[in-house]
Amino acid sequence: MRTEDEALAQLRGRFATLFGDEDGRAFAFASAPGRVELAGNHTDHQGGRTISTAIGLRMFALAAPNGTDDIRVCMEGFGEALVNVGDLEAREEEQGTSRALVRGMAAAFARAGGMVRGFDAVTCSDVPAGYGVSSSAAFEMLLGLLIRAVCEPDGPAPERDLTSLALEGSWAEDVHFGKPSGAQDQLASAYGGIVSLDFEGSVPRVAPVDFDVRTSGHALYLVDSRCDHSRHTDEFVAIPTDMRAVARRLGRERLEDVPYREFLEALASVRVELGDRAALRAFHYFEETRRVAAQEQALASGDFATFLRLVRQSGASSAQFLQNVSPRGDGSGDEQPAMVILALCAHLLGGRGAYRIHGGGFGGSVLAIVPCDEASAFRTSMNALLGYEACLPVSIGAPGARVRQVAR
């Protein structure tokens, strides 16, 4: 894991190699963290609640205006994206690519009234892709801050309105990247720390959560399933699609706007018209968003045992009702790596700690909250049972996205 100084030094060298070391250019250096979802699985896009935290793994970028109409971004391990500022319309053939996010964040800035200028940028990252820790959201927040800093160097502080920045990232991921979702990931990366997020209104409410995991006697691991969740975007998209179908069947746009009792009264017709999967996913939503409120209260009161119990309930609901643990693919069930990890967590932890699918699901990683006195043994055993280095220790409550001017 790189420090900011180490990342800046590395990026300076790459920038000079790729774009030249020209004096007089105004350079901006930005960073943004990945995130871990502590509570609330697939609730944000329906107007519900979550608890998220920035993690210690970050993405970094160095940028400077280039005096042209082109945005050129060279990404460590992901090639180069070239976008002309006069062509910011979404392209279907770019969906799922980093170029789509570059174009999307530039388009979002333009939609908000900004004047997009060409710039060169280089990036590097310690946020693992495909883990479900929101590498795409970190990239979006990074780009958004760079665009503001480079295109409006004399404007307001780029971090002034982090909620707007996060919503721009969510829009870019939906319209340009082709993955509709809520704004949880972007908000967690933008604000940093541990935050409670409420999506009931048109503008999300963000509130800090006062919790220090070090006092809980537990360590956090992400257990890699070695199944890149981006392979299953179609299954991910089906979740909000199913939930919205239930809401619209009941005359609303989101499940948050549907009274739970009304859903239960209409359950028979919902099952007939939309199928059991949609009904089960709605069940998950209603119970999960209630759970988040109870988890937030448990953290506030220092009742970590109750918080852990509710994490375990959330994990069971995600597996059984939300059904986002095992990719269905061809329907054979031959590949269920995240479910195997959940089984191993149950074997190794029993009723201690907690574990659940993390993020969007369908691969990615499993979040395990492990008593500190068992952490080393858990990691050793899990790695041995899976046959690879699967456990990634996670520090939470890290600073959010930020940008500053730097001299060459």
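Strand E6 and strand E7 (residues 205-208) pair up in the antiparallel sense, with four bridges between them. Keep in mind that this is a predicted model.

- E6 and E7 make a hairpin, and six residues sit between the two strands.

**Which way the E6 side chains go**

- Here's a handy rule: in a regular strand, side chains alternate between the two faces of the sheet.
- In E6, Ile194, Ser196 and Asp198 point one way, while Val195 and Leu197 point the other way.
- Whichever way they point, all of these residues are buried.
- E6 covers residues 194-198, and because five of its five residues are buried, the strand is largely enclosed by the rest of the structure.

**The cavity**

- The count comes to one cavity of 30 Å³ or more.
- The largest cavity holds about 40 Å³ of space.
- What lines it? The residues around the largest cavity are Leu38, Phe211, Val213, Leu220, Phe304, Phe307, Ile369 and Ile396.
- Sorted by class, that lining has eight nonpolar residues, with no polar and no charged ones.

**Two loop residues with positive phi**

- His42 isn't a glycine, yet its phi is positive, near 60°.
- You can find His42 in the loop that links strand E1 (27-39) to strand E2 (49-65).
- Is His42 buried or exposed? His42 counts as buried because its relative accessibility is 4%, and the cut-off for buried is under 20%.
- Arg226 is another residue other than glycine with a positive phi, this time about 55°.
- Look for Arg226 in the loop between strand E8 (218-224) and helix H6 (233-249).
- Arg226 has 58% relative accessibility, so it counts as exposed; the cut-off there is over 50%.

Conventions: Residues numbered from 1 in each chain as written. Predicted model: local features only at pLDDT ≥ 70, side-chain atom pairs only at ≥ 80, totals over all residues. Heavy atoms only, no water. Buried < 20%, exposed > 50% of the residue type's maximum accessible area, 1.4 Å probe, protein only. 1 Å grid on protein atoms, 1.4 Å probe; cavity = no way out; pocket = protein on both sides within 12 Å on 5 of 7 lines; lining within 4 Å. Points joined across faces, edges and corners; volume = space filled by probe spheres on them. Nonpolar A, V, L, I, M, F, W, Y, C, P; charged D, E, K, R; others polar. Pairing = 2+ DSSP bridges.
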